[in-house]
Amino acid sequence: MNKLGTIIGFTFKNKARTKSFLITTLILALLITIGMNVPYIIKLIKGDDASKAEQIGILYGSQPVIAAELEKYAAQSGNKDYTFIKYEGTAPDQAKKDLEDGKIEGYLSFDGGDGAFPAVTFTGGEDGMGQGISSFLMPALQTVKTTVIAKDALSAEQIAALNEPVKLDTVRINAEGKTEAGGDTHREDMQKAMNYVVVYVLLILFFTSNMMTGNMIAAEVTSEKSSRIMEILITSVSPLAQMFGKVIGIFLVGIVQIAVFGVVVGANLMLPHNQDILQGYSLSISDINLPVLFYGLLFYILGYFLYAVLYAAIGSIVSRTEDLGQAVMPITMLGLASFYIGLFSITASGSMLIKVTSFIPFTAPTAMLVRIGMGTVPTWQILISLVLLLVSILFFGWLSAKIYRTGVLMYGKRPSIKELRKAMKAYKI
Amino acid sequence: MEPLKLVNVVKQYGDKTAVNQISLEVGRGEIYGLLGANGAGKTTTMRMVLGLIYPDGGEILYNGKPYHAELQQIMGYLPEERGLYPKIKVSEQIVYLARLRGMSQQDADKSLRYWLERFDVPEYYDKRIEELSKGNQQKMGFIAAIVHKPQIVILDEAFSGLDPVNVELLKATVKELRDEGTSILFSTHRMEHVEELCQRITILHKSNTVVQGNIRDIKSRYPREEVLLHTTGDVGGLDVIPGVTAVERIDRGYHIRIAAPETAQGILQKAMQETTVERFEIKEPTLNQIFIQEVGDSHE
């Protein structure tokens with residue numbers, strides 16, 4: 001146990017101090033900072049333009065009533081991003097000119113006022129009708145249409161009631177057969193959004209740190225093998241202690257790196273201009289679902305160990321660092337599959353695929369995370385998945401230590417399965 | 001009870017036998033020489049002793065017991081390719097290796113400083129291995145192998161690539177360890193080191209033991225077939241003496257090869273009759289000659 005500590009300390013100290021690690025961490029931290037401030041920087045470059053509302057032209061033409069209602073709507077809705085600007089007459093000459101000059105984003109024209117409501121055409125610039133404009137115009141036109149048609153028949157209150165969106169509450173029946181009240185829908189929505197963020201972040205974290213630290217471990221083992229220091233290490237300490245010492249040491253390095261990134265992200269969020277943006281999404285830390293975070297981290301750590309021992313085993317079979325990339329391919333693929341199963345299932349957390357994969361140790365860390373975060377999972381299923389994961393860590397840890405012990409002394413040609421099996425039988429770990 | 005004993009140890013790689021039935025014993029305070037051409041099986045034997053690879057037959061006993069985990073604390077190993085981390089400081093990695101072998105941080109540090117001082121290079125304490133010359137890297141590897149005061153030390157080609165001054169330094173150190181009671185298994189293909197350091201040797205050739213035993217006994221088993229003769233004047237007709245197989249004129253006399261030791265007396269008498277003898281020696285075969293005789297012919 002004492003030796004395990006020595007190995008962890010040595011691995012951590014030497015890995016965390018390498019130039020490549022320091023530089024990578026620094027560059028990534030810098031990129032995160034830049035990325036998080038890009039919206040603000042763009043805003044600064046654009047100057048006041050960005051805060052100024054974009055203008056949409058209306059050809060008054062034959063529909064002055066609709067045009068007037070639209071303007072009224074825009075004024076009432078409190079939307080500061082878009083305003084309407086009137087063009088007299090039906091000829092679009094002036095509007096076209098302004099569009100070309102970039103003064104307006106586009107203009108609306110009305111065809112055939114014979115029916116209840118005319119067909120509306122939006123003429124935009126090169127970008128056509130953007131998402132923002134569309135989501136502003138659709139309800140605006142809908143409201144105006146209602147107002148225009150029902151103007152005489154309905155009171156203002158009735159029209160307002162018509163325009164109110166339908167309330168759809170959700171009530172779930174959980175596995176124990178109890179109903180969970182919808183309760184505060186807004187808060188629940190926020191929690192769902194936060195769960196989504198947590199699941200997403202953990203997925204990406206799991207994938208990237210797995211790849212990075214996994215490759216680090218494999219490269220470390222291979223270089224120790226090729227510098228023959230392995231011969232001294234193996235005669236000094238048991239391969240099991242050696243392997244887990246290395247895996248834990250590099251895990252700590254990875255944690256430190258993630259912590260650094262976390263601090264960078266946190267510091268950036270604290271900046272006043274980013275606070276506004278965060279509030280714009282109305283997400284708050286208090287909405288984080290603690291069980292999701294807890295299980296997420298638990299599966300994250302266990303999943304890391306499962307992959308890490310396999311990377312160590314692969315590293316010990318390869319003799320030269322050049323051959324490493326090819327050799328780790330299968331595990332990289334496994335990691336990729338696990339990541340994408342999780343990612344694609346975020347919106348379909350009840351699918352058969354994710355239910356099955358949440359019990360397979362290699363995909364469980366991501367699949368179970370998605371299931372816990374985006375839906376409800378009976379506790380016993382989580383426990384079974386955890387136990388399976390633990391058992392497979394023990395099994396693959398043992399197997400990897402065997403391969404490690406055997407592989408490190410096989411140089412030159414890649415060992416055949418038969419040779420490996422024979423050698424593995426001979427050594428006690 | 002011998003600290004290290006190999007009994008009929010066999011190692012096979014596939015169909016190839018790497019080590020065939022080797023038996024040897026290393027006593028307390030002994031330097032045992034393991035000789036052989038490249039690929040003879042020296043390193044494989046050493047790796048089996050270290051427990052790195054598992055023998056396919058026979059047994060290896062340490063103080064009478066088979067391999068066990070505690071041995072890791074009392075064995076030291078200098079591999080042929082110096083196994084050290086190139087980018088890590090000498091002090092850090094040697095202390096680390098010593099701690100893995102069960103030493104405390106303080107003891108390891110003290111021991112390392114002692115050895116650096118002993119080799120007259122205390123300034124290497126803070127250097128990275130890659131900053132040192134190859135010979136000095138080897139010295140550091142040597143320190144790493146003995147820093148934890150092991151009882152059994154395995155040195156694989158410990159002196160190769162060192163300059164004469166450092167060879168002497170290391171030789172003196174090895175002798176000192178021997179006098180302190182350390183058992184040393186030592187492999188080389190440089191015979192002069194063996195003759196100086198070892199009492200007992202094993203010569204391996206193509207996985208087989210060809211010569212084994214005490215160096216003096218081995219030498220006495222090989223006939224003395226060389227006579228060195230220094231004289232003031234010329235000696236004629238040496239080549240007609242029965243039993244003389246070759247005569248070579250050298251700077252101050254003759255170098256004569258004979259078929260049987262008795263012939264030497266005839267040569268001496270003949271020389272004394274004709275001129276003054278300054279030096280007469282029936283040379284014992286060097287290990288080098290024995291080695292070449294046993295191993296060399298199939299070398300070509």
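**Chain A, question by question**

In this predicted model, chain A exposes about 23,100 Å², and carbon and sulfur atoms supply 65% of that area.

Me: How many helices and how many strands are there in chain A?
Reply: Chain A has 429 residues. Its elements are counted by type. The count gives 17 helices and 6 strands.

Me: What percentage of the residues in chain A is buried?
Reply: Buried here means under 20% relative accessible area. Chain A holds 429 residues. The buried share of them is 43%.

Me: In what order do the 4 strands of the open sheet in chain A stand?
Reply: The pairing in this sheet is mixed. From one strand to the next, the twist averages 25°. The order is S2-S1-S3-S4.

Me: Which strands of chain A have one side without a neighbour in the sheet, and why?
Reply: A strand at the edge has a single partner strand, so one of its sides is left without a neighbour in the sheet. Two strands of chain A stand there. They are S2 (82-87) and S4 (119-124).

Me: Which residue in S4(A) stands opposite A:Leu108?
Reply: Strand S3 (residues 106-111) of chain A pairs with S4(A) over 6 bridges. The sense is antiparallel. Opposite A:Leu108 stands A:Phe122.

Me: Which helix of chain A packs on the sheet and touches S1, S2, S3 and S4?
Reply: Helix H3 (residues 64-77) of chain A lies across S1 (54-59), S2 and S3, at about 155° to S2(A). The helix asked for makes about 155° with the direction of S3(A). It spans residues 93-101 and is H4.

Methods:
Residues numbered from 1 in each chain as written. Chains lettered and ligands numbered in written order. Predicted model: local features only at pLDDT ≥ 70, side-chain atom pairs only at ≥ 80, totals over all residues. Heavy atoms only, no water. Pairing = 2+ DSSP bridges. Axes fitted to C-alpha atoms, helices over the stretch in contact; angles between N-to-C directions. Contact = heavy atoms within 4.5 Å. Buried < 20%, exposed > 50% of the residue type's maximum accessible area, 1.4 Å probe, protein only. Areas by Shrake-Rupley, 256 points an atom, 1.4 Å probe, with all protein chains shown as cover.
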